[in-house]
Amino acid sequence: MNTDERDANLRENDDRSHFVAVTTISDSQAIRSVDFHPDGKLYAVGSNSKTFRICQYPQLSKLRQDQQTYPPSVLCKRTKHHRGSIYCTCWSADGELVATGSNDKTIKYMRFNKDTNQLVGHEVELNMHDGTVRDMCFLNNSSTKSRLLVSGGAGDCKIYVTDCLTGMPFQVFSGHTGHISSLYSWNNAMFVSGSQDQTIRFWDLRVNVAVNSFDNEYKGGALQNSPVTAVCVDPTGRLLVSGHADSACLLYDIRGNRIIQRFYPHDAEIRCVRFSPSAYYMLTCSYDNTIKLTDLQGDLANDLASVVVARHKDKAITIRWHPTDFSFISTSADKTATLWALPPS
């Protein structure tokens with residue numbers, strides 16, 4: 001069942017909807033990062049144990065409410081992939097490159113052959129960061145057809161843009177004064193960053209400074225002195241959501257340059273926020289161990305309904321929606337990465 005059909009199913013059966021755990025990876029240490037391959041058939045997982053895995057997405061057609069959780073099929077596994085913990089993982093839009101960032105201050109990216117489901121050739125290691133690489137996102141350079149990797153984290157608080165064809169950083173963005181927690185891109189020129197300096201900044205590759213920013217001076221101190229831990233933009237590029245250390249979520253109208261509302265779906269720091277592919281729903285995960293689903297249909301200025309759809313035994317760290325199915329993966333300090341899906345009604 002595709003996303004639109006699942007969205008309709010969820011709206012009609014809100015009182016009976018229940019995501020079930022389908023597959024679970026267990027590791028020796030906390031799992032911090034996960035990302036789906038763009039075709040949805042695979043996903044990559046990176047852990048504090050330095051282990052990197054590429055797993056097969058399961059068949060969901062026979063999913064039941066009484067589903068027994070099982071381990072996924074691991075197609076590729078690298079132990080000691082980094083010298084430190086793997087903090088972030090992302091695929092390029094064409095699925096031919098996969099990148100990881102670590103607290104060893106390096107980024108690695110590799111080519112992936114989806115015919116053989118294996119990493120091929122030599123990995124490229126980038127060493128320009130002087131602190132933990134906390135997040136990354138890919139862009140495509142339409143003029144040169146090359147893939148660009150945007151990365152940020154601790155240390156000098158700079159955002160680097162690397163041309164993956166040459167393996168060289170060619171652009172550096174300065175402006176943040178605290179560690180960069182989150183990066184997100186929604187087209188091939190624009191991306192947004194959230195930082196421990198309690199600001200959100202919008203960047204355009206065509207200029208070397210932030211084109212817009214939200215901080216404590218914005219709209220009467222709307223960020224309320226809380227570090228920004230997560231940012232995401234909906235597929236239309238009109239709506240931004242940010243997660244904060246004080247457990248708040250803020251919704252922004254990007255084009256109208258206004259805050260729509262602040263709400264508190266969790267009881268502890270929010271670690272990740274993601275819109276569903278249709279933008280009807282939003283997932284948030286938190287140090288309160290839960291993943292919540294928020295319904296974004298209707299007037300966004302009204303109270304928003306958020307429900308717990310998954311729960312870990314320890315802090316929830318990262319979430320990713322499947323590109324087309326109504327399913328998602330969450331990772332946790334409980335040393336697991338779990339795929340959750342909504343069975344057919």
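Is strand S18 (residues 228-233) largely enclosed by the rest of the structure, or what else do its residues show: are they buried or exposed? In this predicted model, 6 of the 6 residues of S18 are buried (under 20% relative accessible area, with exposed over 50% and partly exposed in between; 1.4 Å probe, protein chains only), so the strand is largely enclosed by the rest of the structure. Strands here are DSSP runs (E, at least two residues), numbered from the N terminus. S18 is joined by 5 bridges to strand S19 (residues 239-244), and the two run antiparallel; strands count as paired when DSSP finds at least two bridges between them. Valine 228 has histidine 244 of S19 as its bridge partner. The two strands form a hairpin with 5 residues between them, and glycine 237 in the turn has a positive phi of about 75°.

The protein averages a pLDDT (the predictor's confidence in each residue, from 0 to 100) of 90, and 91% of the residues score at least 70. Over residues 5-16 pLDDT stays under 50. Where pLDDT is low, the predicted coordinates should not be read in detail.

Residues are numbered from 1 along each chain as its sequence is written, and side-chain values use heavy atoms, with hydrogens and water left out. As the model is predicted, local features need pLDDT of at least 70 and side-chain atom pairs count only at pLDDT 80 or more, whereas totals for chains, interfaces and linings use all residues.

Conventions:
Helices (H or I, at least four residues) and strands (E, at least two) are DSSP runs, numbered from the N terminus. Contact means heavy atoms within 4.5 Å.
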